[in-house]
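My notes are below, in the order I made them.

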Amino acid sequence: METRISGGSRRGRKLRSYGGVGLRPTSEKVRSAIFSLIGPESVNQARVLDLYAGTGALGIEALSRGAASAEFVESDPTRCQYIRRAVGDLDFADRSRITRGRVERVLRTIKARFDLVMADPPYRVDPWETVMTSLLEREALEKGAVVVAEHGKTYEMADSYGDLNIWKRRRYGDTAVSIFRYGG
């Protein structure tokens with residue numbers, strides 16, 4: 001399975017990934033739209049958390065567009081190996097951390113703070129209350145942080161989760177994107 005980086009210093013470079021059951025990478029069109037919606041000021045020098053990383057495309061795209069660092073959380077060990085290989089091939093290994101585990105468990109132990117969180121879970125699951133609450137309870141967000149939630153078009157996310165408030169919503173075919181800002 002291949003996907004292409006849509007912008008930044010590694011624009012056009014291909015990511016190879018292990019497909020496997022249930023993998024639905026964010027399309028190049030949707031990734032490009034997400035980064036356009038949040039703007040370069042949300043990415044430049046940001047500390048990024050890529051939840052349900054899959055291919056790692058969202059976090060790698062952020063690194064390509066100037067993020068300071070990215071932490072990838074993925075439960076599948078083979079996908080973690082592919083992400084590790086991809087960040088190495090693209091010279092992002094020194095700015096990347098790959099954590100293997102279920103997102104819900106990893107979020108309970110997280111100690112870092114992030115400026116940009118990107119989450120793209122399988123559409124058949126609804127982890128949003130748990131994910132958003134964990135980010136807030138663990139104080140994992142810097143003031144003004146942006147949280148990008150990718151979900152199926154028929155799922156309606158809440159307008160707010162504590163101090164995380166909806167900023168923008170868009171639909172692209174079967175994919176919907178809800179973007180939240182953290183007020184702190």
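These entries go from a helix pair to single residues in loops and strands.

**Ground rules**

I am working with a predicted model, where local features need pLDDT of at least 70, side-chain atom pairs count only at pLDDT 80 or more, and totals for chains, interfaces and linings use all residues. Residues are numbered from 1 along each chain as its sequence is written, and side-chain values use heavy atoms, with hydrogens and water left out.

**Entry 1: helices H1 and H2**

I started with H1 (28-38) and H2 (residues 57-64). Helices (H or I, at least four residues) and strands (E, at least two) are DSSP runs, numbered from the N terminus.

How do H1 and H2 pack? I found an angle of about 50°, with the axes 11 Å apart. The axes are lines fitted to C-alpha atoms, for helices over the stretch in contact, and angles run from 0 to 180 degrees between N-to-C directions. H1 and H2 are therefore oblique to each other. Under 35 degrees counts as roughly parallel, over 145 as roughly antiparallel, 65 to 115 as roughly perpendicular, and the rest as oblique.

I then looked up the handedness: H1 passes H2 in a right-handed crossing. A crossing is right-handed if the near helix is turned clockwise from the far one by less than a right angle, and left-handed if anticlockwise.

Which residues make the contact? From H1 I listed Arg31, Ile34 and Phe35. From H2 I listed Ala57, Leu58, Glu61 and Ala62. Contact means heavy atoms within 4.5 Å. By class, I noted 5 nonpolar, no polar and 2 charged residues. Here Ala, Val, Leu, Ile, Met, Phe, Trp, Tyr, Cys and Pro count as nonpolar, Asp, Glu, Lys and Arg as charged, and the others, Gly among them, as polar.

An α-helix has 3.6 residues a turn, so residues three or four places apart point the same way.

**Entry 2: H2 and what follows it**

Is H2 enclosed or open? I found 8 of its 8 residues buried, so H2 is largely enclosed by the rest of the structure. Buried means under 20% relative accessible area, exposed over 50%, and partly exposed in between (1.4 Å probe, protein chains only).

I checked Ser64 of H2 by itself. Its relative accessibility is 4%, so Ser64 counts as buried. Leaving out residues up to four places away in sequence, Ser64 touches Ile5, Gly7, Gly8, Ser9, Arg10, Arg11 and Phe92.

Just after H2, Gly66 has a positive phi of about 110°. Ala68 comes in the loop between H2 and strand E4 (69-74). Ala68 is partly exposed at 29%. Beyond four places in sequence, Ala68 touches Gln45, Ala46, Leu63 and Arg95.

**Entry 3: two loop residues with positive phi**

Gln45 sits in the loop between H1 and strand E3 (47-51). Its phi is near 65°, a positive value in a residue other than glycine. Gln45 is exposed, at 55%.

Asp91 sits in the loop between helix H3 (77-89) and E5. Its phi is positive too, about 60°, and Asp91 is not a glycine. Asp91 is exposed, at 56%.

**Entry 4: Thr99**

Thr99 is in strand E5 (residues 96-100). At 15% relative accessibility, I put Thr99 down as buried. Its side chain makes a polar contact with the side chain of Glu71, at 3.1 Å. A polar contact is a pair of N or O atoms within 3.5 Å; within protein, one must be able to donate a hydrogen and the other to accept it, and residues adjacent in sequence count only if both atoms are side-chain atoms.

Arg113 lies in the loop between helix H4 (103-109) and strand E6 (114-119). At 37%, Arg113 counts as partly exposed. Which backbone oxygen does its side chain reach at 3.3 Å? I found that of Glu139. The backbone oxygen of Leu141 lies 3.1 Å from a polar atom of the Arg113 side chain.

Leu116 is in E6. Its relative accessible area is 0%, so Leu116 is buried. Leu116 and Gly144 are 28 residues apart in sequence and 9.2 Å apart in space, C-alpha to C-alpha. Beyond four places in sequence, Leu116 touches several residues, including Ile38, Val48 and Val146.
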